[in-house]
Structure formats: structure tokens, C-alpha cells
Amino acid sequence: MKFVKSPHTSLYSRLNGNTPAFSKKYALYRHASSLPQPPLHPHTLSIAPMMDYTNKHQRTLMRLITQRAVLYTEMVVCNTLLHRKNRMRSLEADFSVEHPLVMQLGGSDPAAMHDATRIAMDFGYQEFNINVGCPSDKVSGAGAFGAVLMKSPRLVCDLALATAEALGKFVVKP
């Protein structure tokens with residue numbers, strides 16, 4: 001098909017791709033789509049944690065929609081894991097359905113972060129996320145974690161080191 005440059009290309013032609021620019025882009029797309037595609041990394045899609053929504057039932061629904069997503073728990077406050085008599089509510093998960101499942105921990109005390117990570121590991125969690133982004137007043141204001149941690153990069157580093165040490169990834173030496 002030969003295209004003639006014309007300032008009067010119709011809207012219909014442009015919408016149906018009958019323009020030289022579209023043809024070039026489409027030819028490149030056809031070529032690229034015929035090349036072998038690398039497999040998607042298993043962590044390509046993440047379903048982010050949301051307060052009051054990301055419970056066991058919501059995660060099960062998300063897993064029915066896609067097997068490729070990484071699911072997160074609702075943020076669990078470290079002190080809740082350490083001091084609550086019934087930890088099961090915070091740790092509730094069905095790893096046979098929800099895997100890969102990442103536990104999001106919230107806290108500003110490295111020792112509590114370490115201990116909470118160990119408790120969650122004993123329950124079966126293998127991956128952890130430290131909440132350093134939640135802008136909620138409940139979290140950032142009263143809890144002194146979430147987005148407010150961005151003001152304290154050294155503390156964030158200490159929290160990450162405490163979590164990594166609990167995971168046994170490496171030992172932190174004083």
C-alpha cells in the first residue's frame with residue numbers, strides 16, 4: 001500500500017490506521033511481538049496492602065483473579081504481634097492459596113521489628129515489607145511509622161537491618 005502525503009487525511013483514515021506514521025509504528029509492533037518474550041518475573045504485579053481491606057478474604061479473591069501477583073497482608077503493627085494474646089488474627093493466612101504472600105510490618109523500634117519478624121517467620125511468612133509510605137494519620141502521627149519514617153533514613157536502615165538479621169540473611173555486628 002502506498003501512502004500519499006496529504007494535508008486532508010480523513011479522520012476515518014486516521015482512526016483506522018491508514019496513515020504512514022501508524023503503519024511504521026504498527027510494523028515495529030508486529031516485529032517486536034514476533035520476537036520471543038522473556039518470561040515475566042514472578043513479582044511483576046503486586047497487590048498493595050490497604051488498611052481495613054487487605055484481609056484473608058480479599059487476598060483469596062485477588063488470587064482467584066491472578067496467580068501471578070504478589071499479595072500483601074494488611075499492615076501489622078510490630079507491638080500488636082508482640083503483645084496481643086491472640087496473634088492468629090494478625091497472622092491469619094492460607095499459604096496454600098495466597099502464596100506468594102508478603103507481610104507488611106509497621107513499627108519504629110528495631111528490636112520490636114526483629115522480634116515481630118521472628119514471630120511471623122515461625123508462623124510461615126517468608127517475605128516482609130516495612131511500612132515506610134503510609135500517609136494515614138493513624139500510622140504516621142500516633143504510631144511514628146509509615147510515611148513519617150522518610151524523615152529518618154537512619155532509623156529505616158536500622159529497621160531493615162533488624163528485619164534482615166531476623167530472617168538470617170546476614171548478621172549485624174556492632
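**Figure 1. Pro 100 lies in the loop between H6 and S4.** The model shown here is predicted, so local features are described only at a pLDDT of at least 70 and side-chain atom pairs count only at 80 or more, although totals for chains, interfaces and linings use all residues. Residue numbers start from 1 along each chain as its sequence is written, and side-chain values rest on heavy atoms, with hydrogens and water left out. Most peptide bonds are trans, and most residues other than glycine have a negative phi.

**Figure 2. Phe 95, His 99, Pro 100, Leu 101, Gly 124, Tyr 125, Gln 126 and Glu 127 line the largest cavity.** The structure holds one cavity of 30 Å³ or more, and the space in the largest cavity comes to about 50 Å³. On a 1 Å grid over the protein atoms alone, a cavity is a set of points where a 1.4 Å probe fits but cannot get out, a pocket is an open set with protein on both sides within 12 Å along at least five of seven lines, and a lining residue has an atom within 4 Å of a point. Points are joined across faces, edges and corners, and the volume is the space filled by probe spheres set on them.

Figure 3. Ala 112, Met 113, Ala 116, Thr 117, Ile 119 and Ala 120 are the buried residues of H7, where buried means under 20% relative accessible area, exposed over 50% and partly exposed in between (1.4 Å probe, protein chains only). Packing is judged here by contact, that is, by heavy atoms within 4.5 Å.

**Figure 4. In H9, the buried residues are Leu 159, Ala 162, Thr 163, Ala 164 and Ala 166.** The elements that cover these residues include H7 and S5. After the helix comes Gly 168, whose phi is positive, near 80°. Although Ser 152 and Ser 108 are 44 residues apart in sequence, their C-alpha atoms are 10.0 Å apart in space.

**Figure 5. Helix H3 has buried residues along one face.** Gln 58, Arg 59, Met 62 and Arg 63 are buried in H3; seen down the helix axis they fall within an arc of 140°, so they line one face. On the other side of H3, His 57 and Leu 64 are exposed. Among the elements covering the buried residues of H3 are strand S1 (45-47), strand S2 (69-72), helix H6 (95-98) and S4.

**Figure 6. The largest pocket has a volume of about 490 Å³.** Its lining is made of 18 residues, and those nearest its centre are Glu 74, Met 75, Val 76, Arg 89 and Ser 90. At least two residues of this lining come from each of helix H3 (56-65), strand S3 (76-77), H5 and helix H8 (137-142).

**Figure 7. Val 77 lies in strand S3.** With a relative accessibility of 25%, Val 77 counts as partly exposed. Leaving aside residues up to four places away in sequence, Val 77 touches Gly 106 and Phe 145. Val 77 and Ser 90 are 13 residues apart in sequence, and from C-alpha to C-alpha they are 8.9 Å apart in space.

**Figure 8. The chain as a whole has nine helices and five strands.** Of its 174 residues, 30% are buried. Among contacts between residues at least 6 apart in sequence, 63% join residues at least 24 apart.

Note on methods:
Helices (H or I, at least four residues) and strands (E, at least two) are DSSP runs, numbered from the N terminus. The arc is that of the directions from the helix axis to the C-beta atoms.
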